[in-house]
Amino acid sequence: MSQRRYSPFSFCCALFIPLLFVHHVYASTSSTNSPQVQTLNTKPDIINPKLPPRTLSSSKKFEGSSDLVHLRYHMGPVLSSAPINIYLIWYGRWANSQKLLIKDFINSISPSTVAAKPSVSDWWRTVSLYTDQTGANVSRSILIAGEYADSAYSHGTGLTRLTIQQVIASAVRSAPFPVDHKNGIYLILTSQDVTMQDFCRAVCGFHYFTFPSMVGYTLPYAWVGNSGKQCPEVCAYPFAVPGYMGGGGPGALKPPNRDVGVDGMISVIGHELAELSSNPLVNAWYAGEDPTAPTEIGDLCEGLYGTGGGGGYIGQVMRDGKGRTFNLNGRRGRKFLVQWIWSPELKACAGPNALD
Ligand SMILES: *[C@@H]1O[C@H](CO)[C@@H](O)[C@H](O)[C@H]1NC(C)=O
C-alpha cells in the first residue's frame, strides 16, 4: 500500500488494514444445508478519523474496474523455484497451539495438501499466476524449512524496521539457517507483547529484504505482529471492531480458530507471503509510479474476502456450525479467513470462495 506520507525506507511494502465502519451484521438462516453465508456491511475509513473518509473503497474500485489499476512487471525476479523455503522466527512468547495454527496455514498452501474446497491452496493459485521475464511462475509449493524461537526477547520488547534485521541476523547465526539465495525467505512473527515501530498506527505487517551490512546478505523477509492485545480492532479486523462500534461486541465476527490475534495474523501473513513471492526484491510486480511506495497484489484487495465485497463490505464468506467466520479450508480440517488477491488473469480481486 502506498504510504507516501512517510520515508521510503520506513514504509515500503507495509500492510495497513484500513479501519472499517460497520453498519450492521446479519447472518442468513443457519439451516445446516443452505450455504451459510454471512455478510458484514462496512464503510471504509482511514485510521486517523481526522482524515477525510475515502469516497470509494479501494476494494470496490478495483473489483469493479480494471481500468484504474496499472499493475506492472518491473523485470525483477519472483520466487519461482519450488518449494519456497520459509525460515520462521518466533520472537517473544508463543503458545504451541498458536504456532501450530500458523504452521497449519502455511503448510496448507502447497497443492498436495488434503483440504476441503475452497482451499488455501486454491487461494494461492492466484499468486502463482505471476511470472518473471523468463515466463517462470511463482511457485505453488511452500515449505517451512527452518524455525528459530527467540523467547528471551534478545533485542527487547520494542522493535524497529532496523532492529528487526538484527533479530534476523541473530536467528541466522544461532539457528543456523542455511544461506538460501535460491528461494529462501524469512518470516518474523512477534508475540502480542512486542511493539513494533508504527504497528497499529500505520502497519500490521510489512515485507522488505535484508541488508548485507546487517544480516550478511540480501534475502526477502516479512514481519507480522500479533495485534491481539495492542490493536485487534485495527489489525485483526473483522474479529474485533473499534470501541465506537461496540468493541468486541455484536459487530465483531467470530474468528475461525477462536484466537482473535492469531486468526487476524493469518490474513496478514497471507497478504505478505503473496507480495513477497511476486515482488521479493521490490522490483517485480506492483502498481504505481513510485517504487518506494508500491501498491502490490495484496494491497489491491485489502479488506475483501468474498463475492460482492467492496465499499467497506467484506463480501460473502462462510460460517461454521458454531458461528465462526471463514472463507478457506486448510489441512487437518482447519478453517481460515484470508483476504483475496489481485488476479492478473481476471484483472480483479479473486478468491476460490467466489460465488460466480
Ligand atoms: C503461469 O502464469 C501464466 C500467466 O499468468 C498462466 O497463464 C499459467 O496458467 C501459469 N502456469 C501455471 C503452471 O500456474
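This is a predicted model: local features need pLDDT of at least 70, side-chain atom pairs count only at pLDDT 80 or more; totals for chains, interfaces and linings use all residues.
1. Residues are numbered from 1 along each chain as its sequence is written.

2. On the overall make-up, the chain has eight helices and 18 strands. These are DSSP runs numbered from the N terminus, with helices being H or I of at least four residues and strands being E of at least two. Of the 356 residues, 50% count as buried. Buried means that 20 or more other C-beta atoms lie within 10 Å of a residue's own, exposed means 12 or fewer, and partly exposed is in between, with C-beta atoms placed from the backbone.

3. Strand β5 deserves a look, since eight of its eight residues are buried. I84, I86, L88 and W90 point one way, while N85, Y87, I89 and Y91 point the other way. β5 pairs in the parallel sense with β6 over eight bridges, and I84 stands opposite I142 there. Seven bridges join β5 to β8, also parallel, with I86 opposite I185. Strands pair if DSSP finds at least two bridges between them.

4. In helix α3 (residues 96-106), the buried residues are Q98, L101, I102, D104, F105 and I106. Their cover includes β5, α4 (120-125), β6, β8, α8 and β16 (335-336).

5. Helix α8 (260-278) is one of those covering elements, and 19 of its 19 residues are buried. From first C-alpha to last, α8 reaches 28 Å, close to the 27 Å expected at 1.5 Å a residue. That expected span is 1.5 Å times one less than the number of residues.

6. For the ligand, the surrounding residues are S128, L129, T131, N137, P344 and E345. Each has its C-beta atom, placed from the backbone, within 6 Å of the ligand. The shell has two nonpolar, three polar and one charged residues. In this scheme Ala, Val, Leu, Ile, Met, Phe, Trp, Tyr, Cys and Pro are nonpolar, Asp, Glu, Lys and Arg are charged, and the others, Gly among them, are polar.

7. Finally, S154 lies in the loop between β6 and β7 (158-159). S154 counts as exposed because it has 12 C-beta neighbours inside 10 Å. S154 and Q166 are twelve residues apart in sequence and 9.7 Å apart in space, C-alpha to C-alpha.

Methods. Two residues are in contact if their C-beta atoms, placed from the backbone, lie within 7 Å.
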